[in-house]
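Subject: Structure handover

Hello,

Here is the structure I promised to pass on. Please open it beside this email and follow along.

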Amino acid sequence: MRTGGSDPIREASRLLAECRNAVALTGAGISVESGIPSFRGAQGMWAKYDPMEYATLHAFMQSPRKVWEMLTEMVSVCGEAMPNAAHKGLAALEEMGVVRSVITQNVDGLHQAAGSRRVIEYHGNMEELICVYCWKRYPTRERWTPGAVPLCDCGEILKPNVVLFGEPIPWLAQEQAEEEARTCGVLVVIGTSAQVSPACDIPRIAKESGAAIVEINPEPTRLTSSITDIHLPWGGSEILAWMVDLVRRGSGVSPSGEG
Ligand code: APR
């Protein structure tokens, strides 16, 4: 991993500005500053809910009411969250023709709320409910009320249209994500621990296809010492706002306007 010399942020911004063919891969960390807890780590959802009991398809089929205890918290916190400067920064970089698409593991819809147009939802989205018996779908806001378990017209308990452990990635999302990884010049990886497959393979696919890997995460991950070219060890909001400013200024100038 290169640290990008004395100014890794400027180096990463220069890469983006010159390449103009970047893709972003995001995880729960990008939404932490919007008030949505991440999954791992001491404050993560999985510290409170054992994912094997609350986040597998098997657990949902066995005890849907129990799984809805966790899902109720996720639907509520996602419903109240607003995009932060990191989400908005990616939308601005898309507007500038620098970032081509966002592949997100998140189910909170905040990239679209920030104005990103090309978003590949790798793990689905909380804004839709689906019946795992008759496959009927409903907007969450029309069928879900806090504290109640939403039911399908067929009488079965509905599930958010998100990918639980043990479920396949939506075929089109997987195809599109891998194509984006194979054809981008820079992959910007923001706020993921890169521990969950197959999403964690996307950086490897990009690297093997010749892309530079820029990682934004306060903590090092399994990518940092293996395939990351530039690691920016800070929070997403602060960094994306700074990078947008540098790219907009043609990356020759620091935010303070000095040369
Ligand atoms: N900015 C950037 N990164 C951050 C920030 C921040 N402000 N705060 C935390 N992070 C980093 C953490 O250091 C951690 O590496 O975000 C990462 C979050 O990792 P996880 O909680 O493991 O989330 P994620 O990688 O998205 O999980 C992948 O696992 O549980 C399943 O389906 C779920 O999509 C999820 C998948």
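This is a predicted model: local features need pLDDT of at least 70, side-chain atom pairs count only at pLDDT 80 or more; totals for chains, interfaces and linings use all residues.

One term before we start: contact means that heavy atoms lie within 4.5 Å.

The parallel sheet

Start with the sheet of six strands. It is open, and the order is S3-S2-S1-S7-S8-S9. The pairing is parallel. Strands of a sheet pair through backbone hydrogen bonds, either parallel or antiparallel. S3 and S9 (230–232) stand at the edges. Each has a single partner strand, so one side of each is left without a neighbour in the sheet. On average, neighbouring strands here are turned by 15 degrees against each other, with direction ignored.

Now look at S2, residues 99–104. Five of its six residues are buried, so the rest of the structure largely encloses this strand. Buried here means under 20% relative accessible area.

S2 has S1 (residues 22–26) as a parallel partner, joined to it by five bridges. Find leucine 25: its bridge partner in S2 is isoleucine 103. S2 also pairs with S3 (residues 119–121), again in the parallel sense, over three bridges. There, valine 102 has valine 119 of S3 as its bridge partner. Threonine 104 stands opposite glutamate 121 in S3.

A helix across the sheet

Which strands does H12 lie across? They are S7 (186–190), S8 (212–216) and S9. H12 runs at about 130 degrees to S8.

H12, residues 236–248, also meets H1, residues 8–19. Their axes come within 9 Å and cross at roughly 55 degrees. That angle makes H1 oblique to H12. The crossing is right-handed. On the H1 side, the contact is made by Ile9, Arg10, Ala12, Ser13, Leu16 and Ala17. On the H12 side, it is made by Ile239, Trp242, Met243, Leu246 and Val247. What kinds of residue make up this contact of H1 with H12? Nine are nonpolar, one is polar and one is charged.

Cysteine 19

Stay with helix H1, where you will find cysteine 19. Is cysteine 19 buried, partly exposed or exposed? It is partly exposed, with a relative accessible area of 25%. Leaving out residues up to four places away in sequence, cysteine 19 touches Gly185 and Val186. Cysteine 19 and glycine 185 are 166 residues apart along the chain, but their C-alpha atoms are separated by 6.2 Å.

The antiparallel sheet

Three strands form another open sheet, in the order S5-S4-S6. The pairing in this one is antiparallel. S5 (137–139) and S6 (159–162) stand at the edges. Each of these has a single partner strand, so one side of each is left without a neighbour in the sheet. From one strand to the next, the twist averages 50 degrees.

S4 (residues 124–130) and S5 pair in the antiparallel sense over three bridges. Isoleucine 130 has arginine 137 of S5 as its bridge partner. Helix H6, residues 64–80, packs on this sheet and touches S4 and S6. The direction of H6 makes about 120 degrees with that of S4.

Over to you.

Best wishes

How values were computed. Residues are numbered from 1 along each chain as its sequence is written. Side-chain values use heavy atoms; hydrogens and water are left out. Buried means under 20% relative accessible area, exposed over 50%, partly exposed in between (1.4 Å probe, protein chains only). Helices (H or I, at least four residues) and strands (E, at least two) are DSSP runs, numbered from the N terminus. Two strands pair if DSSP finds at least two bridges between them. Axes are lines fitted to C-alpha atoms, for helices over the stretch in contact, and angles run from 0 to 180 degrees between N-to-C directions. Angles under 35 degrees count as roughly parallel, over 145 as roughly antiparallel, 65 to 115 as roughly perpendicular and the rest as oblique. A crossing is left-handed if the near helix is turned anticlockwise from the far one by less than a right angle, and right-handed if clockwise. Ala, Val, Leu, Ile, Met, Phe, Trp, Tyr, Cys and Pro count as nonpolar, Asp, Glu, Lys and Arg as charged, and the others, Gly among them, as polar.
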